[in-house]
Amino acid sequence: MLSVQKVSGGYSGETVLTDISFEVERGELFGILGPNGSGKTTLLKMLSGILPIQQGEILIRGKRIQEYVVKQLAQIVAVLSQHSSQSFSYNVRETVSLGRYAHQKGWFQSWSKEDEEIVQRVMNQTGISPFQNKNIQELSGGEKQRVFLAQALAQEPEILLLDEPTNHLDLSYQKELLDLLKQWTSENGLTVISIFHDLNLAGLYCDRLLLLEKGTININHIPNEVLREERIREVYHTDIQKHPHPKVAAPQMVLLPEVNREVNHYVINESMLIVSNEIIELQTPTPLRTMSSGVIGSGTGWHHTFVNRHVHKNYDCSDHRLEMASFLRSKGFEPSETVGMMTAVVLEDVVYQRFEQSDFSLFVVVTAGVGNAIDASKSELHSYEMTPGTINTWVFVSGELTEEAFIQSIMTATEAKVKAIHDLKVLDSVTGTIATGTSTDSILIAATQTGKVLEYAGTITPLGKLISKAVYQCTTEAIKKSQKRKQP
């Protein structure tokens, strides 16, 4: 559809872009990225024919862009610039109707039924029909942006060039606009070439990305390759971190603010822990990075309050999360900042201990009862019942964990828990075999993310060794305390 071959150019003899080459296929949503001054807008002007090229060729449908007369080019290529303006006092519908000019024929222009249908359709698609009779000068920046997009779409182009199309739009309209563009590329074969300043939107919607750096191409590839941490740090000169989108297979980048992290370094210990017959509570001065299976705060996140709540062994509720959130609020805790667990274990049987290495430490808290112990290898013999957790394990790390270390910490802690149950010969009451846990065990790994960087937590790594020792000892002691309480 579009071919750029060794193009160089700029303004008044000044070269902004040098030796630019890439191809865009029909139906692609193609994003152009780069820091300010990298040549993004200059390239878009060259693709639209507004700015002449100094060297190279731009081919549209295999034909040199210079060979198209203005009206011919307008039937194929539509442009929405970042700062669209309107000098005439037209209303919205009249402004959108200007997009049909390229398709008018003869000396006396006539307005056809087809023209009207197209104008009305694109106004509906861009959400501007309700104010189509309103003067363009009375609109907000976001409303104007949608009007000029509708005008460009009224041309029925094969290629749509956009310079930061989500500029001035709120979140809902950003999503609607990009969803619509993505739909047109897949269903109608529209080719969209757009400049993006928002790397996350580009990664989420584009099929391919072109990254410009100082007037040359750094890379032209799929989003996952272009949006690499090292590359973006180098090109944009800022500290970022890459994460997968939680719902779709798309890369997302987060900014890392400049803060003196060592100033806030502290050690988690028993002075932060409060134990009552109703809850075990631990609060930290700053939020910790967490990975947990709590009733509240499950998954990954940042939390500074941790609650293990005692409930009756016959506790039953149709919505455990809602009920738990209500309980936390009643105690003055904010659920969004809390990891909350439940247990039927008597809380005074809790076991906690601090474990130290030379450059990092752990604080482990365990409540454990084995009344509903399960052999995981024979779990199909058990009926499914939601009962309060009986082995709840908290592992607080005064150090900085990688994503890999978080996952390995859970694996290592679980292996240590299973070993403790095995050595105590805890049996599955249904199968008579050695249990591996209970039916609703919960675990928390929480790290200060300050101090020593701990890359791994496998069983033979320094962190893994300490977790193994700590969880094994605390789980063993907690189970013994619970079993002793049940003895006649």
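Two strands count as paired if DSSP finds at least two bridges between them, and helices (H or I, at least four residues) and strands (E, at least two) are DSSP runs numbered from the N terminus. With that in hand, welcome to a predicted model, in which local features need pLDDT of at least 70, side-chain atom pairs count only at pLDDT 80 or more, and totals for chains, interfaces and linings use all residues. Residues are numbered from 1 along each chain as its sequence is written, and side-chain values use heavy atoms, leaving out hydrogens and water.

**The hairpin**

- β9 and β10 form a hairpin with two residues between them.
- In the turn, K214 has a positive phi of about 55°.
- Strand β9 (residues 208–213) and strand β10 (residues 216–221) run antiparallel and are joined by five bridges.
- L212 has I217 in β10 as its bridge partner.

**The open sheet and its helix**

- An open sheet is built from four strands in the order β2-β1-β4-β5, with antiparallel pairing.
- Its edge strands, β2 (14–24) and β5 (63–64), each pair on one side only.
- Strand β4 (residues 55–60) is joined to β5 by two bridges, and the two run antiparallel.
- Opposite R64 in β5 you will find L59.
- Helix α1 (residues 40–48) lies across β1 (2–11), β2 and β4, running at about 120° to β1; axes here are lines fitted to C-alpha atoms, for helices over the stretch in contact (heavy atoms within 4.5 Å), and angles run from 0 to 180 degrees between N-to-C directions.

- As background, most residues other than glycine have a negative phi.
- D19, found in strand β2, has a positive phi of about 55° although it is not a glycine.
- D19 is partly exposed, with a relative accessible area of 45%; buried means under 20% relative accessible area, exposed over 50%, and partly exposed in between (1.4 Å probe, protein chains only).
- H237 likewise is not a glycine, yet has a positive phi of about 55°.
- H237 sits in the loop between α9 (229–236) and β11 (240–244), and counts as exposed at 68% relative accessibility.

**Cysteines**

- A disulfide is a covalent bond between the sulfur atoms of two cysteines.
- Taking a disulfide as a pair of cysteine sulfur atoms within 2.5 Å, the count comes to zero.
- C206 is buried, with a relative accessible area of 7%.
- C474 also counts as buried, at 0% relative accessibility.
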